[in-house]
Amino acid sequence: MTNESVFKRAIYLAKLGLGHVSPNPMVGAIIIVKDKIIGEGYHQKYGGPHAEVNAINQVLENYKNAAELLKEATIYVTLEPCSHFGKTPPCADLIIKHQIPNVVVGCLDPFESVNGKGIAKLRAAGINVITGVLETECLDLNKRFFTKVLKQRPYVILKWAQTRDGYFAPTLGNQQWISGSEAKRLVHLWRSQEDCVLVGKNTALTDNPQLNVRLVAGRNPIRAVIDQKLTLPKTLHLFDNTTKTFVFNDVLTDIKDKTLYISIEDFKNFLPQYILFQLYLQDIQSVIIEGGTKTLQSFIDADLWDEARIFTATKIWGEGKKSPNLKGELISQDKIGEDLLTVLKPL
């Protein structure tokens, strides 16, 4: 087995934690002896055992001679093993305890309490450590975590649907679906994978969205809405207390049931920056911005986005509200039902 082939499996395992481990990173671990996988694991949920713990435990459970096997094993980990006490004990200490002689790491952990300290601790114990295997893929795996740690803000995903001639919504502001059922189901899957979904006031009024994941299995994201003067009616789905909801305004800071009102003083200036900072303070690692055009464009103009997912339908309206103006680097294009999904990242 090559290091790269093992890491592809480890990355696959790590992705199984998407939507369950935030604000922690996703991590996969595989233990090999003589080209045979004897244990593997991933970080399954926030506060639970880390990937290395689950992989080592699998060896201990399945092999009577586990202690001897671990002393000649190599453990492959997509992210640097932690060296500090958090929700769980340090994984570096566990590797040292079981005398695993070889560790292969995909990328370092930029979190201040780790950031090279896990590698240093392992090497100080005489363990052979290799770093940087499939590093680009391992960094991309935890783009949400790294954005939060390094930029002190959530990873921002812009999402909208548009007609083939570039319209986002009808001129009169009434609700009218653009994309198909397959795209709608995919959006619900995306919501289950991210921490928060944000919409503007007009979208909340026109669409009365639930912003949940009712079409797929998974946990509902935290909801957020921009409502400067708190004029949205409390009969909207956003205020049904089924899920925590942030309301960004310039009137009130308060908590009422599951609704958290967050007052922003300088509402007309730097609003996207203030919103992302407040979400960061709430330990939000990622946010999907689902509209409307004004809200989406404000984040685009502030250069505060990391990924855009745009559905283009076959429908032609000829008139309406134009889609946001965005230029980015093309990552992928795929057919989702009758719609074309384009994914962009900043240039």
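Gln333 stands opposite Thr342 in β17, a strand being a DSSP run of E with at least two residues, numbered from the N terminus. This is a predicted model, in which local features need pLDDT of at least 70 and side-chain atom pairs count only at pLDDT 80 or more, while totals for chains, interfaces and linings use all residues. Residues are numbered from 1 along each chain as its sequence is written, and side-chain values use heavy atoms, with hydrogens and water left out.

**The β16–β17 hairpin**
- Strand β16 (residues 329-336) pairs with strand β17 (residues 339-345) in the antiparallel sense over seven bridges, where pairing requires that DSSP finds at least two bridges between the strands.
- Two residues lie between β16 and β17 in this hairpin, and Gly337 in the turn has a positive phi of about 65°.

**Cysteines**
- The structure holds zero disulfides, a disulfide being a pair of cysteine sulfur atoms within 2.5 Å.
- Cys91 is in no disulfide, and the nearest cysteine sulfur, that of Cys82, is 3.8 Å away.
- Cys91 is buried, with a relative accessible area of 0%, where buried means under 20%, exposed over 50% and partly exposed in between (1.4 Å probe, protein chains only).
- Cys196 is also buried, with a relative accessible area of 0%.

**The protein as a whole**
- Of the 347 residues of the protein, 51% count as buried.
- The C-alpha atoms fill a box of roughly 70 × 45 × 35 Å, taken along the principal axes.
- Among contacts (heavy atoms within 4.5 Å) with a separation of 6 or more, 68% are accounted for by residues 24 or more positions apart.

Key:
Helices (H or I, at least four residues) and strands (E, at least two) are DSSP runs, numbered from the N terminus.
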